[in-house]
Structure formats: structure tokens, C-alpha cells
Amino acid sequence: SVDVPNFQSCPLLKAIVFKVPQWEFLCRDGVTCVSWHWLCDGEPDCPDGSDESLDTCPEESDFKCSPNFISCIGTNKCIHLSQLCNGVYDCSDGYDEGVHCRELLPRCQQMNCQYKCAITRNSSRCYCRDGYETGSDGRSCTDVNECDTYGSCSQTCVNTDGSYSCSCVEGYVLQPDNKSCKAKTRPADRAPLLLIASSEKIEVLYLNGSQMSARSPVKGSAVVTLDYSYREDSLCWIESRDVSSQLKCSKISRAGTFPEEWTINIAQYLHNVQQIALDWITGNFYFVDHISDRIFVCSQNGSVCVTLIELDLSNPKAIAVDPTAGKLFFTDYGNAAKVERCDMDGMNRTWIVDSKIEQPTALALDLINKYVYWLDIYLESVEVVDYQGRRRQTITKGRQIRHLCGLAVFENYLYTFNSDNLSILRINRYNGTDVQALARLDNAKEIRVYQKRPQAAARSHACEADPHGMPGGCSHICLLSSSYKARTCRCRTGFILGSDGRSCKRPKNELFLFYGKGRPGIIRGMDLNTKISDEYMIPIENLVNPRALDFHAETNYIYFADTTSFLIGRQKIDGTERETILKDDLDNVEGIAVDWIGNNLYWTNDGHRKTIAVARLEKAAQSRKTLLEGDMSHPRGIVVDPVNGWMYWTDWEEDEIDASVGRIEKAWMDGYSRQVFVTSKMLWPNGLTLDYRANVLYWCDAYYDHIERIYLNGTDRKVKEKCCCFATGIFTVCIV
């Protein structure tokens, strides 16, 4: 028994027990071990061929032979069609030879093939020499466009009659195989490096896996993700602590060390960010927040951040940018797993992969060929498509994929990390069976290849600083859009874009939409008069479950009830004066309403005591009073009409058998003269709101799935919209 560290015992051996690496396969002879990546590749590597047997390679596998080749029955061995009926037994069971060769020969001669005819056990068929394929008549030969086949050339491909030729873009040299391209390296150029983020440190490795240097984060923190700008000789990463995270950057010396480090103060919460992408042309940072389910971008100095995408996202994960093409790519596997593409300003979203995809966790871009590679840990595969979602190809698949994290591409290879055996892997992206372990590393999370060729410099771009020093002439932040020659200006929270498309200003009208959502709890606002969803107010963050909202226009306060935290608070739209105004005896506040004339706050409490209460906007804790108690099932939404002195509230009923027991009640704003206002054909009324000018009350019924309205005099009740209404735990949402 030979004991080698990090090796595992082979369970099939009885007489002699020795240990083999976890990434090797023991042949049936009990002696020979071969790489797992050699299994089912069509070539027997075990003396007994057990690495290609049906037991090892089930029939339902995706194995198939190359054109003009055919598989031997019972194995995954491929032989050329010219080897059929040539008098030599190439298949172990003699499948390629036999009496059928003589019996089917006349039929083969009658087919009058343009090139040659092949005889199989039960039929005959024409085939063509390499570089051609049989036409629709089954006998003639036509040229094959090899350039349509993934991997024919690593970069530029030109089809010729019966063949093709490869070439390389500027900065690369064609290799002796006449298909691969290698980056040129001048004496003054840096050697390509692997930059790896792990919990303990940032590792800098050469491409062969040998270590160059390392940098440890501040004690008590960990590196989550990283990206770099070759033009700036800088590396940026997110350093996470228990309650907060910071974006840090450093210069990279030629020795791979970090001589100069600085912190970028980002105007957004980074603790939920696990992946970033750096636009090396503008210096903007793109972030994925997997808890808030949004993608946002910040300027190079971090002073301006804007949300790009937050709709139709439920678990965004990976992100990558191609600023030369003006494209942003990201993955999502919440409600629907997909790989998406959009312009770098968030416009023109397009799904490029939405089938046969489950958990895409990492992305890498081939910026020359315009390919998108992704890692799916559920389907245990690494796949690729072009930027339009075409030419899909599986690079490699198998059990080892579920343990991979991070993905980078350079020249002919993909680089990733296997968390199972703690190894950095190099995968040939044109031959997925060619996998090499480069080095062992603990807790790697992200990987990048540091080299200048992938980050092609633009001689000029749309976000260059104008004579006043403003990028792209934009007041706040300039984003590349559909290419590096086009740009979009965006404004920081609380401002809107002017008619010139560059300047930012405070909105003159005060019409805006504000809304709350959970996971994590946050309240946002956006201006209703702009085509771009600029945020009107500084978000109210660090909430748990903001179920009820209202606004006091005179003081610019947003009032909110955080039900799970059992409090009512407020914050101004400019982000100042955040405070809790009520804390005690708040069980389950489902609705609040601001009386802007009397400067009072009303709320419903669906706790043990079913109540409606009121307090002054100032010194609320000292002035609170219960107006109504009891005779309610689940008091929810509330609105006030201080001009006419009435308040209205909804009451849910859980009994679905009698779908007419929900109700809307009203009373004077001091609690007197309580009366039922609407009750028939109603069960789960929510979303109560008043049109004060038209004297119309609107609500949404989550049971009947519609929005209704009624005049305040009790007449002309109508269904306004059929919609899908449902309770979210925050408020009732109606999708029209």
C-alpha cells in the first residue's frame, strides 16, 4: 500500500490497495489509472477500453463522432468511413467488417457517389472528402464552411473551397498549428498574470500557476470580488467586513505587489455585492446586488451611483462588460434562469440564453470573437454562445463542474477554481477534455487574467472629459451606451436630466412615485416625468419590512411603518433627518396616512388589539391616541380626507367561503360617526387611495383581482381595471 497525501483509496481493488488522485479514473484491470477528463472522449486510454465502455459512458450521453466518422457498436470509439469493409477489423466486435460488405457492394456501386461510398451493417451511403459534405441529393459534394464551426480558428477565419485559413488580430501571432493565436509580448510588456480573490488574500500567479506575490486584507475582513484596469495599472476589489464593505484599489507593480492603496467611498451599500465589473475605458464600476436584486453603476470616484436594472431580476449573480462594444452581460436564476445582454447604460435588454440553463454563476467574455462563456453548476456544464445568443456550444460537462467558481478567458484557455480539490484549473476552450490543474489554493472566489490585449484601448470615446472636466459633458455621470462612441448622461439621486441631455437639475414639479420593497427592506422614489428612471429621493435603507408609506409635501418627509421592526419612522427625500417617531405598542401596522392640514399621522394596527390610532407629526410618542378599537378582522389600508373631515380604512376577512364580507369603513377623523361605506362583493380590499379633486376612492381587491372605484357620495361603483392583485407582505401589488 502506497500512501500519497491528498489521494483517495480505489474501492475496486481487493488484493493490492493503493491510492489514486481524486481526479483520476481506475481502469477495470485494477492497475491503470487515467485522467477523469479522458473518459468518453472516443479514444480508449485503458488497456481494456473500460474508459469508453457503456458502463462508463451511458448511451444517453452527448457523445457523437466527427463528420465522416462512425462509432463502433457498444463503445464510443470512432473510425473513419474509409475503414469500413477494408478487410481490417477496426472495431473490437468486427462491426466494420462482415458478409454485408459483399452483399451491399452492388447497391453502393449503383448510388454513383461523386466521391466515395461507405457500407455499414444495414445500409450504404455516400460521403465526401474532408472539407466537403453530401448535398441534398445524397451523392454530390458541396463545400463545408468550417468558419461556422466553433473552434475552427481561435480568432479570424476565412473559408476557402474545401478548406479554410486562420489568422489573428493585431497584437497576436498565429501559432504553428495554423489555428491558434498567442498574444505578442514585447520586452516592455508585463507577463500575463492570474489575479485571484480569496477570503484570505489576493493571489497573483503566473499563468503556469507559480506564485508571484500575495496581499492579505485588513484583519477581520475578506476579499469578495475583484477586477482591474490595465491602462491604469490598477486592481480594485471589495473587502467585506461583518457589517459593511469597502471598495479598495491599488497599483500593481511589475513584481506583482501593491505599493499604493486607496479606498473609494461609494455612495451605495456594498455589503450585498459579490461581483463587480470595471469599465476600463471610462473607469465606471458596475455592481450586482444579489439581495436587493438590482444592478447599479458608480462613477470612477464613487461620488455618483445610479441604478441600471432592477425589474425582472430575482437572483442576479455574474456580470461582465465589453466597453468597446458597449455591452453589459449578466446572469439571473431566480424566477427564470437566463443570461442577458444590454447596453452599458441599461437599455435594450435582451435574453441571449433562456433554455437548458438552471444556475449560471459565472461569466467570461472573449472580447475578440464576441463570445460569452458561462458556468452552470446545476447542469454541471461550461457553455458558450456569441453575443447574439447563437452558435451555442458545450465546452465541458461533468460532476467536477458543480464545484467550480469564477471564470476567465485568455488565448485558448478558460481559467477557473475547483472548490472541491482546491485547485486552479486551466481548460482548453476548444477541447474540453484538455484540463490541467495549475496550483492549489484555499477559498478562491473570483479570477481574472491580467493582460493588456483583452482590454483594448480606445483612441477616443464618448465619455472623454470636455474642456470643463466633465466626462462626456455630463453633469453627474457618463455611461457608454450602445458602443464606446455613444454615451448616456445620468443624474444622481434627487436630480433629473435636463432637456440638453447633459445637465442635471432639481425637478421643478414635485410629482414622483415612491415605493417600498423587502429583501432587503428599502424605500425608493423616482420621477414620473422622465423617460429614464432617475431616482428622485435618497433611498431609505436598512429596513426589514416597510409595509405602509405616506408623504408630507410641506416638510418633504416620507413616513413609513416597518412592521417587522415594530416602528414608524420618517426621513426627508434628501436623505436627512432619519428618525423613529413611534416604537411602543405597535404590533402590525398595515397602513398609515398623513393629515397635512392638522399635521397628524393616522395608522391601522392589525395586532392583538385591532385599532386605528392618531398622533401629532411632531412629538408623536407624547400625543398618540386610540380612536377606534375592535369590531375589525384585519384593518389594512387607510386614507384621510382632511378637507371634508373623513377617514377611510379597509378591513380584510379571511373567510373565502363567503366572498362578500370584506369592507371599507369610514368615520370622522376624531373616530366618531363610524359606518360601513362599501361591503358587497369584497373580501381582501387593499391599496386604498383618494383622488381629492374628483372625490373618488380607489382600492384593489386581492381576492377578486381587480381595481375598483367609487365616488365619496357612495355612487357609481365600477371596476376600473382587471389585474393580478396579490399581497406581498409589504403592500398589495396590482399588475395591470
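Modeller: Helices (H or I, at least four residues) and strands (E, at least two) are DSSP runs, numbered from the N terminus. This is a predicted model: local features need pLDDT of at least 70, side-chain atom pairs pLDDT 80 or more, while totals for chains, interfaces and linings use all residues. Residues are numbered from 1 along each chain as its sequence is written, and side-chain values use heavy atoms, without hydrogens and water.

Colleague: How many helices and strands are in the protein?

Modeller: The protein has 3 helices and 63 strands.

Colleague: Where does Ile-597 lie, and why does Ile-597 count as exposed?

Modeller: Buried means under 20% relative accessible area, exposed over 50%, partly exposed in between (1.4 Å probe, protein chains only). Ile-597 lies in the loop between β50 (589-595) and β51 (600-606). Ile-597 counts as exposed because its relative accessibility is 52%. Of the protein's 736 residues, 52% count as buried.

Colleague: How do I read a sheet?

Modeller: Strands of a sheet pair through backbone hydrogen bonds, either parallel or antiparallel. Here, two strands pair if DSSP finds at least two bridges between them.

Colleague: Which residue in β33 is the bridge partner of Ser-381?

Modeller: Lys-397. In total, 4 bridges join β32 (residues 381-386) to β33, and the two run antiparallel.
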